[in-house]
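Colleague: Hi, could you walk me through this one? I'd like to ask a few quick questions as we go.

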Amino acid sequence: MSRDRLPPLSALRVFEAAARHESFKHAAEELFVTPGAVSQQIRLLEEHVGVELFVRDGRRVVLSDAGKASSIILKEAFEKMFEATRIMRQTQQKGRVTVSVAPSFAAKWLMPRLGDFSAANPDIDVWVSADMAPTDFAVSDIDLAIRYGTGNYNGLNVEHLLEEAVLPVCSPALYEAAPIRKPADLTHHTLLHDVSSDLDPSDPDWAMWLKAHGAEEIDASRGPRFNQSHMVIEAAVAGRGVALAKRTIAEADLRAGRLRGLFNEKDAPVSFGYHLVWPQTREPSMAQVRFMDWLRAQARDLGHASAAPQDRPVFAAQGI
């Protein structure tokens, strides 16, 4: 078989995904095929090029030296092909912006504001993808993302958008029905727990907060748990208990009077924040530029977008 003839593009695409994940199973999930189909395409490619691209080690597969060297080049090649396709479609999609955000940020911060953007920019459609997983810009049509984290995202343009802080909140009705004037009063109330998987060690849970406020006698383990921050807020609005809430996620409900902060507590900044990210390999369209400018203006209007995470005091994970 001639080595000058390129292998089938489908086999190369499968190999690139398998190499990136170092897993036939995860590649199959990404490409919506079976692991057996991935394995078959890899075998066809290995027969075509005459070298082993993966070393089989029981259930695991490990890239060979040839696989490692070629996967880097192939990843760049597919990124260029995706970019070329995006440019081809640009005429039809020039008025569209697709943004990836976490579900809670989408529900409680972005969506309530999007109507204003659409009214001011009727020629631009914003498509929102609410997803907890980080966006892989190399294989998606996502234009930009808002990520909650440290801001260390290699290979991307990164701009700090909003800081985050926590504070205890409850509904006004709950506040009036039973005294909540000092931390010790929480003994008589249900604690609502945010267990969203953002992995920020500076974000205090109830045990840390109660210890810091001299109320260690309260059982911090009791109460329902929610894996999305906006669900904790909704439970607090409904009067189900007292939440230790992220300020940015709770902001709209605090301003509307559906929630109130407790104990005249100052916000406790955390080390994570919200960051606007987009690929370094793509030139933003005019629609994307206008949308990003609007996001920056919204963040400035909120009044706590200026300080970078490293410049702010934080709750320590230990010893507070």
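**A chat about the model**

Modeller: Happy to, and I'll start with Glu22, which is partly exposed at a relative accessible area of 45%. Buried means under 20% relative accessible area, exposed over 50%, and partly exposed in between, with a 1.4 Å probe and protein chains only. Please keep in mind that this is a predicted model: local features need pLDDT of at least 70, side-chain atom pairs count only at pLDDT 80 or more, and totals for chains, interfaces and linings use all residues. Residues are numbered from 1 along each chain as its sequence is written, and side-chain values use heavy atoms, with hydrogens and water left out.

Colleague: Where is Glu22 placed, and what is its phi near?

Modeller: Glu22 sits in the loop between helix 1 and helix 2 (24-31). Its phi is near 50°, a positive value in a residue other than glycine. Most residues other than glycine have a negative phi. Helices here are DSSP runs of H or I with at least four residues, strands are E runs of at least two, and both are numbered from the N terminus.

Colleague: Changing topic, how many helices and strands does the chain have?

Modeller: The chain has 10 helices and 11 strands. Of its 320 residues, 48% are buried.

Colleague: And how confident is the predictor, on average, by pLDDT?

Modeller: The chain averages a pLDDT of 84, and 88% of the residues score at least 70; pLDDT is the predictor's confidence in each residue, from 0 to 100.

Colleague: What about Ser104, is it buried or exposed?

Modeller: Ser104 is buried, with a relative accessible area of 6%. It lies in helix 5 (residues 103-120). Leaving aside neighbours within four places in sequence, Ser104 is in contact with Trp109, Gln228, Ser229, His230 and Ile249.

Colleague: And what does Glu52 touch?

Modeller: Not counting residues up to four places away in sequence, Glu52 touches Glu46, Ser64 and Ala66. Glu52 and Ser64 are 12 residues apart in sequence and 6.8 Å apart in space, C-alpha to C-alpha. Glu52 is in the loop between helix 3 and strand 1 (54-57), and at 46% relative accessibility it counts as partly exposed.

Colleague: Last topic: how many cavities of 30 Å³ or more are there?

Modeller: Three. On a 1 Å grid over the protein atoms alone, a cavity is a set of points where a 1.4 Å probe fits but cannot get out, and lining residues have an atom within 4 Å of a point. Grid points are joined across faces, edges and corners, and a volume is the space filled by probe spheres set on the points.

Colleague: Which helix gives the largest share of the lining of the second largest cavity?

Modeller: Helix 4, with four residues. That cavity holds about 40 Å³ of space, and its lining includes Arg13, Glu16, Lys75 and Phe78.

Terms used:
On a 1 Å grid over the protein atoms alone, a cavity is a set of points where a 1.4 Å probe fits but cannot get out, and a pocket is an open set with protein on both sides within 12 Å along at least five of seven lines; lining residues have an atom within 4 Å of a point. Contact means heavy atoms within 4.5 Å.
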